[in-house]
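Subject: Structure for you to look through

Dear colleague,

Here is the structure that I promised to hand over, with the sequence alongside. Please open it first, and then read the notes that follow.

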Amino acid sequence: MSDTILDLLRLNSRILTAGDRLVAPLGLTSARWQILGTMIVAERPQPVAWIARDMGVNRQNVQRIVNDLARDGFVTFQPNPHHRRAQLVVLTDEGVKAYDDAMQLQTPWVNDLAEGLKPEDIEVTRKVTATLQRKLEDGNAADS
């Protein structure tokens, strides 16, 4: 399992690097793209803390990237009726377009990566990574 985890870490690094190259012409990075995608899936504006929670990452890092996205016109901030200090992050039309354009670039890239892989192997990989993620989120992996 240790070797598999090291392989996953290396794979993650390469995916992020390739993703950065893929979406750079759109003014995005992999991290920006991931935040926009998390916002799209949420289907409604959320505060930074909720976005970070949904992504399973540090709120401060998301705040920094969201501030950059706001500076570049991909998101805006609106008052949160439920919390005075935690503003809602709202996608702009430019942010939605950038995300949609990134997904258009992603399709052939992913298809190329999947070339030669059996669908059932992809599904097993997805199930194993989902199980590992769930164990880490639940804290069960640390109980050993």
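I begin with I5, which is partly exposed because its relative accessible area is 43%, where buried means under 20%, exposed means over 50% and partly exposed lies in between, with a 1.4 Å probe and protein chains only. Before going further, please keep in mind that this is a predicted model, in which local features need pLDDT of at least 70 and side-chain atom pairs count only at pLDDT 80 or more, while totals for chains, interfaces and linings use all residues. Residues are numbered from 1 along each chain as its sequence is written, and side-chain values use heavy atoms, with hydrogens and water left out.

I5 lies in helix α1 (helices, H or I with at least four residues, and strands, E with at least two, are DSSP runs numbered from the N terminus). Together with M1, L6 and L9, I5 makes a nonpolar surface patch of about 400 Å². Such a patch is made of residues with over 30% relative accessible area and no salt bridge, with nonpolar side chains (Val, Leu, Ile, Met, Phe, Trp, Tyr) joined within 5 Å and like charges within 9 Å; the areas come from the Shrake-Rupley method with a 1.4 Å probe, and for residues only the protein chains shown count as cover.

If neighbours within four places in sequence are set aside, L28 is in contact (heavy atoms within 4.5 Å) with D20, V23, W33, L36, L69, F74, A98 and A102.

Is S30 buried or exposed? S30, which is found in helix α2, is buried, with a relative accessible area of 9%. Not counting residues up to four places away in sequence, S30 touches I15, L16, G19, D20 and V23. S30 and G19 are 11 residues apart in sequence, yet their C-alpha atoms are 5.3 Å apart in space.

A search of the whole structure finds seven salt bridges, each being a side-chain nitrogen of Lys or Arg within 4 Å of a carboxyl oxygen of Asp or Glu. In one of them, R32 pairs with D72, the closest N and O atoms being 2.8 Å apart. R32 lies in helix α2 and D72 in the loop between α4 and β2 (75–80), so the pair ties together parts that are 40 residues apart in sequence. R32 counts as buried at 10% relative accessibility, whereas D72 counts as partly exposed at 30%.

Another salt bridge joins the side chains of R71 and D68 (3.2 Å, N to O), which both lie in helix α4, three residues apart, about one turn of the helix. R71 counts as exposed at 58% relative accessibility, while D68, at 22%, counts as partly exposed. R32, D68, R71 and D72 are linked in a network of salt bridges.
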